[in-house]
Number of protein chains: 6
Amino acid sequence: MTDSIYNMAVRYADADTEITAVSPLTGPDSIECYVDEYLAVPGVIQEVIKGDKEENADAFIIACFGDPGLAAAREVTEKPVLGICESAITTAKFIAPYFSVVSVLDRSRKVTEDVVKAYGAESFCRSIRTTGLSVLEFGKNPEKGLKALAEQGRRAVEEDGAECILLGCAGFVDFVDRLREELGVPVLDGVMPAVKLAEALVKMNVKTSKANTWKAPEVKEIKGFNGIVDL
Amino acid sequence: MTDSIYNMAVRYADADTEITAVSPLTGPDSIECYVDEYLAVPGVIQEVIKGDKEENADAFIIACFGDPGLAAAREVTEKPVLGICESAITTAKFIAPYFSVVSVLDRSRKVTEDVVKAYGAESFCRSIRTTGLSVLEFGKNPEKGLKALAEQGRRAVEEDGAECILLGCAGFVDFVDRLREELGVPVLDGVMPAVKLAEALVKMNVKTSKANTWKAPEVKEIKGFNGIVDL
Amino acid sequence: MTDSIYNMAVRYADADTEITAVSPLTGPDSIECYVDEYLAVPGVIQEVIKGDKEENADAFIIACFGDPGLAAAREVTEKPVLGICESAITTAKFIAPYFSVVSVLDRSRKVTEDVVKAYGAESFCRSIRTTGLSVLEFGKNPEKGLKALAEQGRRAVEEDGAECILLGCAGFVDFVDRLREELGVPVLDGVMPAVKLAEALVKMNVKTSKANTWKAPEVKEIKGFNGIVDL
Amino acid sequence: MTDSIYNMAVRYADADTEITAVSPLTGPDSIECYVDEYLAVPGVIQEVIKGDKEENADAFIIACFGDPGLAAAREVTEKPVLGICESAITTAKFIAPYFSVVSVLDRSRKVTEDVVKAYGAESFCRSIRTTGLSVLEFGKNPEKGLKALAEQGRRAVEEDGAECILLGCAGFVDFVDRLREELGVPVLDGVMPAVKLAEALVKMNVKTSKANTWKAPEVKEIKGFNGIVDL
Amino acid sequence: MTDSIYNMAVRYADADTEITAVSPLTGPDSIECYVDEYLAVPGVIQEVIKGDKEENADAFIIACFGDPGLAAAREVTEKPVLGICESAITTAKFIAPYFSVVSVLDRSRKVTEDVVKAYGAESFCRSIRTTGLSVLEFGKNPEKGLKALAEQGRRAVEEDGAECILLGCAGFVDFVDRLREELGVPVLDGVMPAVKLAEALVKMNVKTSKANTWKAPEVKEIKGFNGIVDL
Amino acid sequence: MTDSIYNMAVRYADADTEITAVSPLTGPDSIECYVDEYLAVPGVIQEVIKGDKEENADAFIIACFGDPGLAAAREVTEKPVLGICESAITTAKFIAPYFSVVSVLDRSRKVTEDVVKAYGAESFCRSIRTTGLSVLEFGKNPEKGLKALAEQGRRAVEEDGAECILLGCAGFVDFVDRLREELGVPVLDGVMPAVKLAEALVKMNVKTSKANTWKAPEVKEIKGFNGIVDL
């Protein structure tokens, strides 16, 4: 999945943008529930710290549709940090009055609902539809997955009034083109928008506000994360 | 004001982006109430149509903080159309948990409130503060205007909890740098974000959804707009 | 359509109320999208100004269900200005806990949703249903239109829980009686309520607040509206 | 207080409108808390039933700013029933973008907040301000009461951004004219609007929807209300 | 019904908790509309006063799913007062992300919606489903009622996404076990949660805040409630 | 702090309730920002798993006012899991119409706002006030902390209309009695309510719904958490 994400990112990146795609050293293989979300975050924080200090990255993208750890990541760097869900929603709002999300397991639905709400996008989101297939099943049988996404996307447009479809998993980047063709409405993954919005923020020369909420964490003892997170 | 907007746009535009700044042929000198908003829109629509058909522009920015006619403009072209209020809010949400808007006359406050609500940004917006000065007065006495903006911006940060300040008038582009320095938090006008977001949307190759709401207007007779709006 | 509206207004007006029904000199033949809305507004503003200054009208009704230009019209006169959507919703809330709107094209749905929200009526509105027929098609084939309205009205009552039906187009005034009979719940167009509420406001002797937001527009140069809008 | 209410109603009623002002036979002397509200309602229901069956009234007004028993009253008759809070808010929304309520005891504040919310008027209501004086104290020392209302009204306009003031107690009808003069913005009691809106609804010939929620109560045994409420 | 409620309460009460189940001396046989609600409240207030003063009860439960008179009851005692709807919702939120309510007549739906909203539980409530059967019909034909509840509960889970089912009538306490088994998700009546939460509040030694809104009613004359409510 | 929490819990626990207070083996010394929140969660999950499997605990309390990892903890056990913020809010709603939270650093304010919103308690929460003191500073100088809490609590009551005060940090348990006395309104920490509500849920014999969202995490490889979290 990291390769697919990398390829999508590179395909849309500016010529002078260097993309580094990393999978955190710690965390679950896929993210489909709250435990997965939380166990993914320390690795996300660590990669942001490392990218900021060692690789001098200009911006960071959290490439999981639940945008795990977004606020925390913004605390550890002043460089822009973007989530792919946030980026997909942001882009959808510029090109359509309503969108729907099509995603993986039904149990993951609420995680998506949480972020849609957190971004103030409830009144733009007509539905969050799920295929009932896990990330793993999508990996094993992509054609079955594509068909399920097309079916849910079609229903989102016809029954729910969506005018744009967001793909609710970073693993769906390879399906974008075929779904766009099939559904006849804009179809967005989150990686592509995140890359372009990250570039835009970098060129705006804006930094994360360190006025209060997202300033650097207070220095304190943190047990058990040696080698996992180095603040 | 068109010159200031143009300069700000050019300053931040990519090297290969061509900026055309136009003031519609019809409409009021400044936009400070609902009548002004509505009388500005036909000219906005016309410029978008012209830019789309004659100048082959890739995207459009409505450079007034009330984003007048945004939905209508999206109907007449499939190229991305952005408002500067929408763009400023979008950018602020990436870099701060809360923002405030500082603006012109108190009577214009509700127009800003309307758009903040329309974009689902109510819970991010800590306050909309006004200086009591008209666009004209800002033009005549910029130093007085700057001082008033700084005062309201400071109160937004200290009393309202804003962590980012949005300047609620396209005429404020020349104040950004000094206010940022003075307030110690990110300060955004809307023109700069709109330019970078417009470039991002163009490079994403996304088009406005023509699925339903924003498709081209039905062809019908329209009286009295010959030479003003040519659909 | 202006005749039908006039007849409905006269039918319900008090004996001592004089109704003047005018179609603005400028604007589209029918209003079905945002472009139509915005191009209708200058003519609406002009008729309000004219009615206020030349005809000494006591109140104004904007007889289109999107209530185009309502806030602007309130700026140019201190006499009450009412929209028919606003009036229908106001009346429905007095006689039913929930209503639905049945309307024309699906693309026009969002315009109605915008005003329902703007009036704080979201939690009273069970659905906005559309027939898929344009204003023109209703004009050409009223029986087909009536049938479609009855079908959507019936579904609003049975499936959505509406206890009152609002007809979402000023062109539907001639259908009210038959739909009421057929649906077994109160059915309201907007013209009739607007006439009675306008009379009520006039007799209350209330004026639009000129305290701040809706006071007269600042005097300024407005290009291109000579003969269209005379502020 | 019933006399003041009657006088205000008659002053604004149409020539052919007959006003009957009744104080229910049961209930508290004034209504300032939830217990008061609930003990007032049986008497309100009874008067509506009586007015409907015996006096053939065409419409009913509940003249207490908490609109006690409004939904229940709508169940026992098909004639329009209006609350004065509902009527004041309805009227305010036609003539101002924002209003505030000035009222009696601080403890009664939440009752008002409840109804403002129930009518979907939260975003129009800038504040609910209280004088700290009870209904009784207003009766004993009207000048002190008037002064306190003026002070709170002034602060609502200057500090909270209200552009119209609603008087949050039926006992304030005699203060309307002086407060309007003093505050320089529209000031509304609820009785006057309710009378004119009731007349309007009657002439519209609309009836309360009996489709579902507000139909007549199921016939069942009710203990202990003989002579208090006769369904 | 009072017996069933008593039995459920005793079944779950702590060994040292004494349960007294009373049916107010005044009020309707069942509560299915707003009139029923309001006519039930004086009896509820009276029982709370009596229980507080004469029986020295430590807490009070209003055992009707509309929680009639809850705020009023809190004014007349400083002991905790709980509603069964409030208790069921409170409990559901601890054990499931979403719930639905299944209830009696469709006309009673809005009463439930009112309380769900009042408790801030709208975003947790996936649906309020009704069986179309009255409280009386449930009494006469419990098996038919059970079947109808099971059907609506099943649809709430499968179609609406509920993960916990609340039984929207105190008369359903005898159905809990069988519905839980049948539906495969947690099923809650309100009486059981209310008993355990009441015990918890008593042991916390918390009292209703008398700071302002819910302090004791002002002393004043109340006509017509001698022998019904003795404040 | 763990000792203070333990003492408070034991003080209020039923005689037959056994309290085990544990500080997770991993995580930060105090929790004051999003990074702290996220780095605390793996340890929280681990303690819940351990308590469930090894100690056969009947319920779990997350004793930090941001309720870190609550949804995740509910996935790894079917025993009730409660947060102290959730428990304090739940309790406050039973005894007061409005509450305020007084807390530590201003930067932590948004974490509290997030959970208040997540629990649907926005309209009950009048303010979230902060003392500007860190958890560490409270530890070092408790009297200074107490004074700051009293000051903010007083302002919450007098200026914001709070009728109950919640202490927004588990470290404040020792201040409850003195603040209650000083402020004259109910003052709640979260630990005490959580203990009593946990006991109540256990005696209700309810389990976390495993219908969908909160069922056990899918089995998958998780890197880097050996010895930290053992699913």
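## Helix crossing, strand pairing and a buried threonine

A:Phe99 has A:Cys125 as its bridge partner in β5(A). This is a predicted model, where local features need pLDDT of at least 70, side-chain atom pairs count only at pLDDT 80 or more, and totals for chains, interfaces and linings use all residues. Residues are numbered from 1 along each chain as its sequence is written, chains are lettered from A and ligands numbered from 1 in written order, and side-chain values use heavy atoms, without hydrogens and water.

**Strands.** Strand β4 (residues 99-103) of chain A runs parallel to β5(A), joined by 5 bridges. Pairing requires at least two DSSP bridges. Strand β5 (residues 125-130) of chain A has 5 of its 6 residues buried, so it is largely enclosed by the rest of the structure. Buried means under 20% relative accessible area, with a 1.4 Å probe and protein chains only.

**Helices.** The axes of α1(A) and α9(A) come within 9 Å and cross at roughly 45°. The crossing is right-handed. Contact means heavy atoms within 4.5 Å.

| Helix | Residues in the contact |
|---|---|
| α1(A) | A:Ile5, A:Met8, A:Ala9, A:Tyr12 |
| α9(A) | A:Val191, A:Met192, A:Val195, A:Lys196 |

By class, the contact of α1(A) with α9(A) has 7 nonpolar, no polar and 1 charged residues.

**Chain B.** B:Thr90 sits in helix α4 (residues 84-95) of chain B. Its relative accessibility is 13%, so B:Thr90 counts as buried. Beyond neighbours within four places in sequence, B:Thr90 contacts A:Thr90, A:Phe94 and B:Leu197.

Notes:
Axes fitted to C-alpha atoms, helices over the stretch in contact; angles between N-to-C directions. Helix = DSSP H or I, 4+ residues; strand = E, 2+ residues; numbered from the N terminus. Left-handed = near helix turned anticlockwise from the far one by under 90°. Nonpolar A, V, L, I, M, F, W, Y, C, P; charged D, E, K, R; others polar. Buried < 20%, exposed > 50% of the residue type's maximum accessible area, 1.4 Å probe, protein only.
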